Amino acid sequence: MPEPILQLHGLDAHYGDFQALYGVDMKVMEGEVLAIIGSNGAGKTTLMRSITGLLSNGPAQIKYRGVDISAQRADEIAVQGLAMVPEGRQLFPSLSVRENLMIGAQVGRKGPWDLDAVYKLFPILEERKDQQSTSLSGGQQQMVAIGRALMANPDLILFDEISLGLAPIIIKDIYEALPGIIGEGMSAIIVEQDISKALSVSSRVYCLQEGRVSLEGASDTVSREDISRAYFGIE
Amino acid sequence: MTLQDYNVTRSSNAARVAAILGALILITLVAAPWWAGRADMRLMGELFLYLALASLWNLMAGYAGLVSVGQQAFVGFGGYMLFALTMFAGLHPIAAIAGAGVLGALISVPVAVLIFRLRGAYFAIGTWVIAEVFRLGFAQISSLGGGSGSSLPVAIVKSLASKRAMRESISYWLALGAAVIVISAVYLFLRSRKGLALTAIRDNELAAGSLGIDIWRTKFIVYVVTSALTAMIGALIFLQKLRISPDAAFSVNDWTAFVIFIVVIGGIGTIEGPIIGTLVFFALRETLADLGTIYLIVLGVVAIVMMLKAPKGIWGLIRSRFDLQLFPLGYRVITPGKTDKS
Amino acid sequence: MDWLNAIVQGTLLGGLYALFAAGLSLIFGVMRLVNIAHGDMIILAAYLGLTVTTATGLHPLLALVLVVPTMGVIGYVLQRGLLNQTLGDDLLPPLLVTFGLSVIIQNGLLEVYSADPQKMDAGALETASVAVGGLNLGVLPVLTFAVAVAVIWGLQWTFYHTALGRAFRAVSDNQDIAQLMGLNRRHIFGVAMALALGVTAIAGILLGIRTSFDPSIGGGRLIFGFEAVIIGGLGNLWGTLVGGVILGVAQTVGAKIDPGWQILSGHLAFLLILAIRPNGLFPRIS
Ligand SMILES: Nc1ncnc2c1ncn2[C@@H]1O[C@H](COP(=O)(O)OP(=O)(O)OP(=O)(O)O)[C@@H](O)[C@H]1O
Ligand SMILES: [Mg+2]
């Protein structure tokens with residue numbers, strides 16, 4: 001029986017007076033790929049920000065490898081092997097492509113991912129390594145963002161809408177690369193609006209609706225109807 | 001509950017009580033020459049001038065987002081204009097005070113055009129550069145005493161009133177009048193359309209821009225008006241002092257540091273804050289000033305602690321506890337059976 | 001020849017102003033903080049240098065070995081203990097807190113050292129000069145300029161070729177995402193302030209050898225540094241050196257016309273450049 005690497009217990013999140021998450025319970029198993037779906041504004045990004053420590057959380061709401069990390073800062077959580085490919089890529093504009101990748105390794109964790117490995121995965125990045133990251137195309141920028149997260153050699157990696165704003169052909173490329181990326185015992189959470197993409201790479205799926213979990217199930221058994229009900233809230 | 005049950009109003013009981021109390025206090029203060037000693041009157045006169053400076057700085061920093069550390073530029077400018085206009089143009093001192101205001105407004109226009117190019121904190125230092133330019137510039141004018149300064153000729157002093165007691169009363173009333181005028185002007189301005197626009201800018205510059213509020217112009221007007229009034233206060237200050245020199249006229253400590261402390265301690269972004277701050281500042285000064293530099297260090301520490309722990313100042317603390325507003329600016333909706341809530 | 005001399009002396013003086021400016025520019029670049037107490041910290045460093053030289057008999061330049069790390073530690077502690085709490089979207093807290101700090105430092109120095117002007121004794125270095133093509137160049141001003149070039153080169157190199165510099169730039173770009181890379185921004189800011197005050201220490205000691213100083217002159221040094229930063233263009237360290245030189249030349253040339261005009265003409269040059277090039281000569285940060 002594999003251990004859960006991440007457990008959420010009644011996670012709430014607030015922006016000032018506005019509550020964005022209501023008592024989210026969730027579990028990610030060691031080596032598992034989890035999909036999170038939900039419409040615009042459902043709270044997916046908020047959930048990612050809570051897990052990574054960018055939003056402050058209530059006590060005992062987030063456990064990582066059995067340890068309560070709710071009160072830890074984002075950088076303290078990052079060095080324990082939790083990395084994120086943030087929504088909208090968010091590369092550092094003052095850093096070159098190579099530097100953007102290098103800074104991912106700042107956490108100092110050992111593992112299979114280094115510059116060479118990332119360049120092997122995305123050869124175009126080696127050609128562009130000295131360019132300013134903002135001069136790349138959207139797809140290439142997404143590769144840098146993925147590479148940057150991999151450089152941390154994380155145990156759990158979060159992908160927040162990596163297909164957002166990319167051409168279908170590039171999305172296809174990136175999703176084809178995903179299994180190779182996530183292999184080798186790494187766990188992953190994939191946030192995606194494209195439901196079929198999300199289901200195709202994951203073993204379990206959660207659906208968020210207005211800050212609450214509206215569906216939880218195995219990716220290959222959930223029905224279309226269940227999903228659309230959970231997604232749009234249509235009874 | 002129907003719509004008629006709601007009552008939209010600007011005033012509140014506290015504001016009404018404050019208005020009545022304020023009127024009584026004002027009458028008592030006007031009568032001070034008949035009940036207060038000379039030293040007390042001097043002190044109160046000074047207090048009113050600081051109150052006026054603080055209210056003006058607060059209008060700029062607390063509402064218009066223009067944080068200046070160079071208000072001494074206009075205090076000193078006004079003081080020098082008092083001297084120049086009375087000595088060289090033969091104006092009566094009171095006319096010269098008005099003249100200082102007009103000239104202050106005029107000179108602030110090119111100054112604003114220049115330093116409005118700087119953003120945020122750099123704007124603040126820019127205002128300081130302007131004050132230094134003024135200080136060094138006036139030190140070059142030998143007819144005004146150059147670097148060592150000059151005294152107001154006796155004849156001009158006497159033209160205010162021949163008796164000393166009368167002069168002191170006039171100077172006191174002028175100071176009181178200045179404080180009342182400045183606070184009223186700030187209050188009325190903030191209630192006006194422009195004032196509301198200003199508050200909108202403060203609370204959200206982007207949103208205000210998209211509402212079509214011309215941010216630059218509104219800030220510009222505030223800057224010019226504040227400069228004019230500050231110059232008039234400066235003229236009054238040096239009418240009390242009767243002596244002026246570049247270092248005294250353009251002192252960053254006297255005319256800006258103290259003023260900032262007053263506003264921060266009292267409560268920035270409120271009309272009441274500078275009033276409370278001025279009272280606290282003078283209370284501290286009268287009790288601790290013997291300590292010299294230690295007193296100033298204490299002021300600095302208090303201001304820092306205040307900024308970090310209670311950024312809305314003493315008035316903010318009071319207001320959050322009692323929901324008071326003595327100068328009603330915002331409208332409040334009163335529902336029957338409920339207490340006031342803004 | 002006199003004019004050429006004024007220009008050369010002004011250029012060398014500009015090195016000192018660039019040192020005033022470099023720390024200011026660095027912390028603005030990393031955390032968008034403008035430290036109103038920067039000038040007072042320069043003077044604080046000069047007094048620390050004075051204390052070290054009188055207590056140990058060390059040459060002021062050797063006192064740097066003690067004063068630079070001391071100022072660095074002060075910077076780190078100040079940043080983590082106080083200034084980090086002021087950073088955010090609101091402009092007022094950092095501005096007013098550093099303004100309060102300025103008052104505290106100034107009066108603290110008055111309390112400890114009195115208002116009497118002081119000077120550091122650097123022996124023969126103060127008067128030594130070399131003749132270059134008919135011009136008499138003081139060794140100290142030349143040394144100051146060389147130090148300024150070296151410091152700016154060093155900062156530039158740190159910024160663009162080290163992991164620390166990469167962290168500075170990343171935090172400056174996007175604090176949240178930088179945290180996700182395991183960078184603790186509070187620590188990074190502390191290091192940036194330590195570095196800035198280390199440079200400030202160098203500036204303070206060189207100032208204290210060159211001229212006499214008293215606790216009240218910090219504000220003026222802040223203004224010189226600020227003018228150099230704006231003339232050069234925000235976020236550009238080499239631009240800061242150019243800014244310092246322009247300011248220095250304006251001052252010495254102004255003084256040549258009329259001694260009373262020295263400082264004033266520096267300010268006027270600044271205002272002129274603000275009028276024609278509001279973003280400075282070589283801006284990097286908009
Ligand atoms: N910084 C913020 N301040 C206030 N409210 C916010 C903020 N960020 C998000 N929200 C609100 O929180 C809710 C959840 O937003 P979130 O970004 O988590 O949704 P999402 O599921 O990621 O949506 P999308 O698919 O568009 O990325 C939304 O109603 C949004 O308006
Ligand atoms: Mg999102």
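Start by selecting Leu121(A) and showing what surrounds it. Once you ignore its neighbours within four places in sequence, Leu121(A) is in contact with Trp113(A), Leu150(A), Ala177(A) and Ile181(A). Keep in mind throughout that this is a predicted model. Leu121(A) belongs to helix 4 of chain A, residues 115–121. Is Leu121(A) buried or partly exposed? Its relative accessible area is 26%, and buried would need under 20%, so Leu121(A) counts as partly exposed.

Next, check some phi angles. Most residues other than glycine have a negative phi. Select Arg65(A): it isn't a glycine, yet its phi is positive, about 50°. You'll find Arg65(A) in the loop that joins strand 4 (62–64) to strand 5 (67–68) of chain A. With 39% relative accessibility, Arg65(A) is partly exposed.

Then jump to Gln90(A), another non-glycine residue with a positive phi of about 50°. Here the loop runs between strand 6 (82–85) and helix 3 (97–104) of chain A. Gln90(A) is partly exposed, at 33% relative accessible area.

**Ligand 1**

Now centre on ligand 1 and bring up its shell. Which residues come nearest? There are 14 residues around ligand 1, and the nearest are Lys44(A), Thr45(A), Thr46(A), Glu87(A) and Gln193(A). Colour by secondary structure and you'll see that strand 2 (18–29) and helix 1 (44–52) of chain A each give at least two residues to the shell. Helix 1 of chain A has the largest share, with three residues.

- Lys44(A): an N or O atom of its side chain is 2.8 Å from a ligand 1 oxygen.
- Thr45(A): a polar side-chain atom sits 2.7 Å from an oxygen of ligand 1.
- Glu161(A): here the distance from a polar side-chain atom to a ligand 1 oxygen is 2.9 Å.

On its own, ligand 1 would expose 630 Å², and the protein buries 61% of that.

**Charges over rings**

Select Tyr175(A) and Lys197(A): the lysine lies over the face of the tyrosine, 6.0 Å from the ring centre. Over in chain C, pick Arg32(C) and Phe28(C), where the charged end of the arginine sits over the phenylalanine ring, 5.6 Å from the centre.

**Chain B and its aromatics**

Finally, show chain B by itself. It has 16 helices and four strands, and 53% of its 342 residues count as buried. Its accessible surface is about 14,900 Å², with 67% of that belonging to carbon and sulfur atoms.

The whole structure, over all chains, holds 32 aromatic pairs. One of them is Trp216(B) with Phe220(B), a stacked pair at 5.0 Å centre to centre with 15° between the planes. Both sit in helix 11 of chain B (residues 215–241), four residues apart, or about one turn of the helix.

Methods:
Residues are numbered from 1 along each chain as its sequence is written. Chains are lettered from A and ligands numbered from 1 in the order in which they are written. This is a predicted model: local features need pLDDT of at least 70, side-chain atom pairs count only at pLDDT 80 or more; totals for chains, interfaces and linings use all residues. Side-chain values use heavy atoms; hydrogens and water are left out. Buried means under 20% relative accessible area, exposed over 50%, partly exposed in between (1.4 Å probe, protein chains only). Accessible areas come from the Shrake-Rupley method with a 1.4 Å probe; for residues, only the protein chains shown count as cover. Rings of Phe, Tyr and Trp (its six-membered ring) pair if their centres lie within 6.5 Å; planes under 30 degrees apart count as stacked, over 60 as edge-to-face and the rest as tilted. A charge sits over a ring if NZ of Lys or CZ of Arg is within 6 Å of the ring centre and within 35 degrees of the ring normal. A residue is near a molecule or strand if one of its heavy atoms lies within 4 Å of it. A polar contact is a pair of N or O atoms within 3.5 Å; within protein, one must be able to donate a hydrogen and the other to accept it, and residues adjacent in sequence count only if both atoms are side-chain atoms. Contact means heavy atoms within 4.5 Å.
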